[in-house]
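Have a look at it first, then follow along.

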There are 2 protein chains.
Amino acid sequence: MKACGLIVEYNPFHNGHVYHLQQSQEHTQADVMVAVMSSSFLQRGEPAIMDKFHRARAALRSGVDIVLELPYVYAVQFADLFARGAVLTLSGLGVDDVCFGSEAGKIDPFIKGYQHYKQHQQTFQPQLQQSLKDGLSFPQASKKAYESIGLTTGEVDLSQPNNILGFSYVKAVEEINSHMKPRTIQRTKSGYHDEQIEHEIASATSIRREILSDRSITSNALKALPSATIEQLEAYQRKSVLWHDWEAYFPFLQLLVETRSIEEIRSIHGVIEGLEYRLKQTVHEAETFEHWMQLLKTKRYTWTRLQRVFVHLLTNTTGEDIEYYKNLKEAPYLRILGMTNKGREYIQQQKKQIDIPLVSNIQQLDDPLLNLEEKATDAYYAPLKPTIKKNLKKQELTGPILM
Amino acid sequence: MKACGLIVEYNPFHNGHVYHLQQSQEHTQADVMVAVMSSSFLQRGEPAIMDKFHRARAALRSGVDIVLELPYVYAVQFADLFARGAVLTLSGLGVDDVCFGSEAGKIDPFIKGYQHYKQHQQTFQPQLQQSLKDGLSFPQASKKAYESIGLTTGEVDLSQPNNILGFSYVKAVEEINSHMKPRTIQRTKSGYHDEQIEHEIASATSIRREILSDRSITSNALKALPSATIEQLEAYQRKSVLWHDWEAYFPFLQLLVETRSIEEIRSIHGVIEGLEYRLKQTVHEAETFEHWMQLLKTKRYTWTRLQRVFVHLLTNTTGEDIEYYKNLKEAPYLRILGMTNKGREYIQQQKKQIDIPLVSNIQQLDDPLLNLEEKATDAYYAPLKPTIKKNLKKQELTGPILM
């Protein structure tokens, strides 16, 4: 069986994902679709609206055959490290292709672009570092660095968001010498259908906001989300009583900033350039999470950067904890969150060639990465009633979801 | 004006306190009654049912003229350190007498007992340490050590709880060379009235339990509590929506134990002999705070010891933070929580001879002890709605309560 890997992390799984999935399957002629999915917290530093098990279920019901967990330490990171973790995971299972959407829509320019990038790394890296030092966000700094080596004017324009992300995947594939073949699907605004999809993706944030404030599935959500996702959102709410957003974590974050020393806050991953003082100075003024973000936000401390810091603060993850994972060439383990029957067959087929542990129970292996993952789960469930928390946590201790 | 100092820390201020206050005033012929009161958390390691400002108001309405704050680092400690902090505070204000209740009822045996204790410290100390090592609680170990030097058979029997506490006060007075004269009021079960009081004190815990679970003032509470206390309990509940008990802090404690490393937990004040592992092992099983305590409790880890650890964990107070305060000979500052007009006159009278800062606003002084106090306040208010928390916290930033 031939397998194609996808990288999904959105909150929640929507029609755009389903469309991308179908396009990818058509394009790669794969028998099996494998998704690697952010665990409890998303790339932009947000708690997922429902837990990873319910999101995995929604993905399986929408056409995915295997859902792998993207470990927390890779998920809540800027594009390059996020891509590294996702590619390591898919590659660990031995899937044939990794498929992503891009504005460019052709893979050759990405490959050529990578060669060019390799040759000009000595110009690229100092430029990137300088821009970050100047206070640009990672996406902005990357864009500027790509521009400095001429990668924004050729066949693949690395000033466009999906191209940049795709390029990170291609880089990761090359850097870990993966056997996987990168592939890309066009995502433009030219076709009617794509425009529709773009619109749906763009409005995902507003749909999320809407259902969070409404505490119910709104008519917009009904239009934008696959029925499997709606079903899981409702199932999760019945069990947990809440859909997760940052406001529910605000009292925890406040306590942590109030009671930890400046040195302790400084050690948290992502706390840079005096942010520890700014957190301390603003914590007593803030009345809500949103209010706190407004007080904290600057050009340098972007919304995304701050949110990621809050995730790491909540999970007590230090810069040191992350350092080791930046340059791994192999995933320490593979965590299967769920699979269909076809997915299970595929895993049977691959088993003999997989040389890293396959994990289902989070406590099955005493691996530091898995320990960090458990902290993320515990932190994620923190706002729930303790008995509900205990009950949902059980999902971490049983085998993968079978469908 | 002559002043008498009292040490109160109960939760909440009840008829027993009022009786003790009146007896003390009669006994010492003092013009001014000064109480030093535990701040946010009590000696046995419990959050006070209502905040210190409302408890101070109840004390002022019940006959106290000045309420001084017993700093958190002294309040949540075994008897000797608790006594040290209380005596340092009263002594700092220059009050004439310090008055406590005891089974003995006469002060001379305490003074003689102290001389004896000084002479036999070389027997006492190793015995105390050994008993603590053997897993006895501090009160049990103290009792045994006093027994070993013959202080349980003479005029003052140091196996009786109020005698032990009183002896700690006398020790502290002597050790810091205070000018204050220790005094004691008899607390026996012989007189009818005393029995009544004993009964009321003994049932304070059950009254607390009752009103916490009932979320209202029960008829038993109405009988046992002075009207000023009832008034303040109701006023606090109107503002805060809750009366504080450990259950409200359970999600915070869980998160802290789940996400902190073994080393970090071990550094917390009071975490000894592998308790860090026991906390980690039980945290996922517990469904309520009460349940957790049942899982944790042993002969060695008494209820009181565990509760104190939870306070220090919540406020992130390490053993190192406390070390410095163990042997102070002078309070770093005096915090006046509230006073009557007479109290204010007394402070005016004393001002010229007070050589330590008088603090009203918690942020007025950059003192490490005051910083720890602010952490305690922040941690105490953590379970409240953020806007309510912010509002109640304002009390820390204004002058003392005037009545």
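Q: Which residue in β8(B) does B:Gly338 stand opposite?
A: This is a predicted model, where local features need pLDDT of at least 70, side-chain atom pairs count only at pLDDT 80 or more, and totals for chains, interfaces and linings use all residues; side-chain values use heavy atoms, with hydrogens and water left out. Residues are numbered from 1 along each chain as its sequence is written, while chains are lettered from A and ligands numbered from 1 in the order in which they are written. Strands here (E, at least two residues) and helices (H or I, at least four) are DSSP runs numbered from the N terminus, and two strands pair if DSSP finds at least two bridges between them. β6(B) and β8 of chain B (residues 401-402) pair in the parallel sense over two bridges, and the residue opposite B:Gly338 is B:Ile401.

Q: What is the handedness of the β-α-β crossover from β6(B) to β7(B)?
A: β6(B) and β7 of chain B (residues 358-359) pair in the parallel sense over two bridges, with B:Leu334 partnered by B:Leu358. The chain gets from β6(B) to β7(B) through helix α19 of chain B, residues 341-350. The test is to point the strands away from the viewer: a path from the first strand over the helix to the second that runs clockwise is right-handed. By that test, this crossover is right-handed.

Q: How many residues of strand β6 of chain B are buried?
A: Buried means under 20% relative accessible area, exposed means over 50%, and partly exposed is in between (1.4 Å probe, protein chains only). β6 of chain B runs over residues 334-339 and is largely enclosed by the rest of the structure, because the buried count is six of the six.

Q: Which residue in β2(B) is the bridge partner of B:Val8?
A: B:Val8 belongs to β1(B), where it is buried on one side with B:Cys4 and B:Leu6, while B:Ala3, B:Gly5 and B:Ile7 are buried on the other. β1(B) pairs with strand β2 of chain B (residues 32-38) in the parallel sense over six bridges. In β2(B), the partner of B:Val8 is B:Met37.

Q: How many disulfides does the structure hold over all chains?
A: A disulfide needs a pair of cysteine sulfur atoms within 2.5 Å. The sulfur of A:Cys99 is 4.6 Å from the closest cysteine sulfur, in A:Cys4, so that's too far for a bond. A:Cys4 is buried at 0% relative accessibility, and A:Cys99 is buried too, at 2%. The total over all chains is zero.

Q: How many residues apart are A:Glu373 and A:Lys52?
A: Their side chains meet in a salt bridge at 3.9 Å, N to O (a side-chain nitrogen of Lys or Arg within 4 Å of a carboxyl oxygen of Asp or Glu). A:Glu373 is buried at 1% relative accessible area, and A:Lys52 is also buried at 1%. A:Glu373 sits in helix α20 (residues 368-381) and A:Lys52 in helix α2 (residues 52-61) of chain A, and the separation is 321 residues.

Q: How many residues apart in sequence are the parts tied together by B:Lys171 and B:Asp80?
A: The closest N and O atoms of this salt bridge are 3.0 Å apart. B:Lys171 is buried at 4%, whereas B:Asp80 is partly exposed at 25%. B:Lys171 lies in helix α8 (residues 161-175) and B:Asp80 in helix α4 (residues 79-93) of chain B, so the parts tied together are apart by 91 residues.

Q: Which C-alpha in chain A is nearest the axis?
A: Superposing by least squares on C-alpha atoms of residues with pLDDT of at least 70 in both copies, chain A lands on chain B by a rotation of 180° with 0.0 Å of shift along the axis (RMSD 0.0 Å). The two copies are therefore related as by a two-fold rotation axis. At 3.4 Å from that axis, the nearest C-alpha in chain A is that of A:Phe252.
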